[in-house]
Structures are given as structure tokens and as C-alpha cells.
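Please consult the following briefing alongside the sequence and the three-dimensional view.

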Amino acid sequence: YFIDLGEELDIGFVYFIKIGEKLKIGRTKNILNRLKSYKSHSGMMYEIIDLKLDLNHSESETYLKTRLKNYGNTEEWFDLEHKAKIQEEFRLRWNN
């Protein structure tokens, strides 16, 4: 059977990466292009700490940023000292 999912689903990736001495939470539909862009813009290597494929990646990213708003330098950049807290929030969001 063919099911038309239309535009109701917002499928993409939510990622948690380390670039230099900072941590970043973000979302994208094309993870390979996004990671290439970080390397080319910053010239620094990145480390993927967590990566989730999500049916509503926009909502999940907003959820995480809201939960972690008191831990960041900006809405999406965090100091290394908050790595464990961010990992905990990823585990809670995706129950793993």
C-alpha cells in the first residue's frame, strides 16, 4: 500500500557535536552537507557525540534547546563542561 505522508512529517537529523572547545546542538535534513560546512567554515575537525534521525526534527531540536537554555552561551552553542547534561537530555528525549 502507498501512503502519502505529504508535508506533515518533518524528517531529519538532530545532532550534538563538538567543534574545537565548544558543543553544538542543531538539526538538518542532510547531515553530510551540514558536517562538511562546519569543517569548511571553521577549519576545525568535529566530533559527533550523538545523532538521531527524527520524524519531527524541528520540534525535537526546539525541545532540547528549551530544556538546555540555562547551559549555553547562545541558543545552540555550549561549553564542554555541559557535555554530560546534554547527553542526558538526548537520552531522555529518545528514551535510550
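The model is predicted. Its 4 strands form an open, antiparallel sheet in the order β3-β1-β2-β4. Helix α2 (residues 57–67) packs on that sheet, and a search of the whole structure finds 10 salt bridges.

**Sheet architecture**

- Strands β3 (46–54) and β4 (77–79) are the edge strands of the sheet, each pairing on one side only.
- From one strand to the next, the twist averages 20°.
- Helix α2 touches β1, β2 (22–28) and β3, and its direction makes about 155° with that of β2.
- Strand β1 is largely enclosed by the rest of the structure, because 6 of its 8 residues are buried.

**Strand pairing around β1**

- The antiparallel pairing of β1 with β3 extends over 8 bridges.
- Within β3, aspartate 54 stands opposite glycine 12, and aspartate 50 stands opposite phenylalanine 16.
- Strands β1 and β2 run antiparallel and are joined by 7 bridges.
- Isoleucine 19 has lysine 22 of β2 as its bridge partner.
- The hairpin of β1 and β2 has 2 residues between the strands, and glycine 20 there takes a positive phi near 60°.

**Salt bridges**

- Lysine 22 and aspartate 79 form a salt bridge through their side chains, at 2.6 Å from N to O.
- This pair links distant parts of the chain, with lysine 22 in strand β2 and aspartate 79 in strand β4, 57 residues apart.
- Lysine 22 counts as partly exposed because its relative accessibility is 32%; aspartate 79, with a relative accessible area of 22%, is partly exposed.
- A salt bridge also joins the side chains of aspartate 50 and lysine 52, at 3.4 Å from N to O. Both of these residues, aspartate 50 and lysine 52, are buried.
- In helix α3, lysine 85 and glutamate 89 lie 4 residues apart, about one turn of the helix. Their side chains meet in a salt bridge of 3.1 Å, N to O.
- Lysine 85 counts as partly exposed at 23% relative accessibility, whereas glutamate 89 counts as buried at 1%.
- Salt bridges that share partners join Lys24, Arg27, Glu61, Lys65 and Glu76 into one network.

**Surroundings of glutamate 89**

- Glutamate 89 is found in helix α3, which spans residues 83–94.
- Residues up to four places away in sequence aside, glutamate 89 touches Tyr63, Leu64, Arg67 and Leu68.
- The relative accessible area of glutamate 89 is 1%, under the 20% limit, and the residue is therefore classed as buried.

**Methionine 45**

- Methionine 45 lies in the loop between α1 (31–42) and β3.
- With a relative accessible area of 57%, methionine 45 is exposed.
- Neighbours within four places in sequence aside, methionine 45 is in contact with Lys18, Ile19, Gly20 and Lys39.
- Methionine 45 and arginine 67 are 22 residues apart in sequence, and their C-alpha atoms are 27 Å apart in space.

**Nonpolar surface patch**

- Leu9, Ile11, Leu53 and Leu55 make a nonpolar surface patch of about 370 Å².
- Isoleucine 11, one of these residues, is placed in the segment before β1 (12–19).
- Isoleucine 11 is partly exposed, with a relative accessible area of 37%.

Notes. Residues are numbered from 1 along each chain as its sequence is written. This is a predicted model: local features need pLDDT of at least 70, side-chain atom pairs count only at pLDDT 80 or more; totals for chains, interfaces and linings use all residues. Side-chain values use heavy atoms; hydrogens and water are left out. Patches are made of residues with over 30% relative accessible area and no salt bridge: like charges are joined within 9 Å, nonpolar side chains (Val, Leu, Ile, Met, Phe, Trp, Tyr) within 5 Å. Accessible areas come from the Shrake-Rupley method with a 1.4 Å probe; for residues, only the protein chains shown count as cover. A salt bridge is a side-chain nitrogen of Lys or Arg within 4 Å of a carboxyl oxygen of Asp or Glu. Buried means under 20% relative accessible area, exposed over 50%, partly exposed in between (1.4 Å probe, protein chains only). Two strands pair if DSSP finds at least two bridges between them. Axes are lines fitted to C-alpha atoms, for helices over the stretch in contact, and angles run from 0 to 180 degrees between N-to-C directions. Contact means heavy atoms within 4.5 Å.
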